[in-house]
Amino acid sequence: MVLATLFSYLFIFIALALVLRLLSKTSLVLILVRTWQSFIDHFHVYQLYKVPQYNDHFQENQLYCQISTYLNSLPSVEDSDSTNLFSGSKSNDIFFHLDATQSIRDTFLGARICWTNQKSETDGIRSFVLKIKKNDKKRVFRQYFQHILSISDEIGQRKKEVKLHLNLSGENERWRSIPFTHPASFETVVLDADLKTKIKSDLELFLKSKQYYHRLGRVWKRSYLLYGASGTGKTSFIAAMARFLCYDVYDIDMSKVSDDSDLKTLLLQTTPKSLIVVEDLDRFLTGKHTAGGVSLSGLLNFMDGIISCCGEERMLVFTMNSKDHVDQAVMRPGRIDVHIHFPLCDFSAFKGLASSYLGLKEHKLFPQVEEIFQTGASLSPAEIGELMISNRTSPSRALKSVISALQSSGPGSTGASNKMLPPQHRLSNSGSGRAGDESAEPASVFSRESIQVSEFKKLYGLLRLGSRRKEEPTVDLGLGLGLVDNKEGSRHEK
């Protein structure tokens with residue numbers, strides 16, 4: 001009788017083992033396992049820890065970002081019932097990402113840990129909630145978070161991807177980010193070679209200057225002003241800066257900023273190692289562009305007020321078409337450290353474009369192009385570049401198209417590119433540009449003299465151009481106000 005009973009139990013055990021093996025990858029076993037775990041959980045005391053996305057000062061919680069990076073790297077995300085898939089910067093890159101309300105399990109030194117991604121119903125702020133047994137918390141809590149930080153830093157260094165952040169209006173989350181894939185670099189931007197070298201040296205020096213800035217009692221940030229007509233390469237230059245520094249880009253749309261307080265909040269929610277961009281600042285300052293309720297005082301405080309101390313390890317970049325009518329309080333050192341002028345094309349810039357777009361170092365039509373440039377005709381790099389792209393299969397046809405466009409834009413013509421030229425052209429020399437003088441202007445500012453249509457004055461101008469020595473650009477990339485001028489001054493009458 002006893003022997004029969006033992007055989008019965010053995011048969012049942014073997015049958016159960018076979019059934020479990022057959023159903024090991026089915027939903028039934030998964031349901032049984034989760035039910036059992038839920039039952040066991042009732043016999044343990046757990047502690048919960050919330051890691052919000054933003055702190056009380058609306059600054060992004062870096063711990064939240066690091067936990068997000070760590071959790072998205074776990075194999076359990078890929079094996080979960082439901083998760084998100086995203087493509088990377090490369091066509092064959094696919095990434096798993098936690099869903100808005102997804103829970104994920106992790107193990108560390110024998111401790112079982114559960115993370116849940118939650119969103120507050122009151123303010124819409126996301127949080128990660130950590131659930132851990134009280135006994136395990138005492139044993140592994142600090143080591144576990146050190147492990148998270150170590151892994152997230154390693155992933156960050158290995159998969160650094162520059163992002164573009166766009167500000168939203170009327171949203172709980174003020175920034176929305178997308179991969180920044182702009183291909184521009186300092187190698188592709190049309191600038192004088194010496195000028196590129198000086199700019200890159202300035203950026204590299206900034207990256208190494210944290211202790212120096214702090215010793216001076218200054219916030220570790222730097223501001224650039226890029227000014228010039230539309231199509232002269234300002235946006236491409238910003239992209240080149242971001243790629244060179246490996247900084248994220250925060251592009252502030254002033255029309256979506258409700259007031260001064262909202263502008264401050266946007267600054268607080270940016271992260272270190274970022275490029276904060278405000279384009280067409282002159283349109284906002286002259287009232288030609290709607291910018292919510294932001295005042296001039298609010299803008300100045302954003303640039304270098306008390307709130308700016310929360311913007312360490314950041315670059316501020318402003319763009320303008322012209323700075324002639326801009327309040328000098330905006331332009332003073334500390335608010336704008338480096339001025340870079342982006343002029344319309346001259347012959348030197350044209351040759352650079354021809355080399356990049358058409359692969360031409362020399363061509364029989366180059367002397368004719370140079371002669372037209374000397375009469376005062378000019379186009380923006382964007383216009384010349386587009387003509388070359390459209391005719392790239394025939395370099396000669398491309399150059400003839402450029403010649404035709406330049407002749408249409410020359411003195412006395414009604415070409416479209418003349419509309420981009422400032423209404424008044426003058427040469428000015430103002431001040432020494434000392435960092436301590438709030439009203440100081442750059443050491444020298446160059447702009448083209450008006451060219452008369454008269455044939456006599458045109459001939460006289462050509463003679464003057466042929467006999468005059470070429471001027472060197474003025475560059476000052478110190479901690480105070482600086483000017484970087486892209487050889488615009490080499491074609492001015494004094």
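This is a short tour of a predicted model, stop by stop.

Residues are numbered from 1 along each chain as its sequence is written. Local features need pLDDT of at least 70 and side-chain atom pairs pLDDT 80 or more, while totals for chains, interfaces and linings use all residues, and side-chain values use heavy atoms, without hydrogens or water.

**Whole chain.** Colour by pLDDT, the predictor's confidence in each residue from 0 to 100. The chain mean is 75, and 69% of residues reach 70 or more. Next select residues 414–494, where pLDDT is below 50. Where pLDDT is low, the predicted coordinates should not be read in detail.

**Helix α3.** Select residues 62–72. Helices here are DSSP runs of H or I, at least four residues, and strands are runs of E, at least two, numbered from the N terminus. Buried (under 20% relative accessible area, 1.4 Å probe, protein chains only) residues of α3 include Y64, I67 and L71.

**I307.** Move to the loop between α11 (296–304) and β12 (314–320), where I307 lies. Is I307 buried or exposed? I307 is buried, with a relative accessible area of 19%. Contact means heavy atoms within 4.5 Å; leaving aside neighbours within four places in sequence, I307 touches K264, L267, L268, N301 and F302. The C-alpha atoms of I307 and L267 are 8.3 Å apart, although 40 residues separate the two in sequence.

**Helices α15 and α16.** Finish with residues 381–390 and 395–409. I384, L387 and M388 of α15 meet A398, S401, V402 and A405 of α16.

Definitions and conventions
Buried means under 20% relative accessible area, exposed over 50%, partly exposed in between (1.4 Å probe, protein chains only). Axes are lines fitted to C-alpha atoms, for helices over the stretch in contact, and angles run from 0 to 180 degrees between N-to-C directions.
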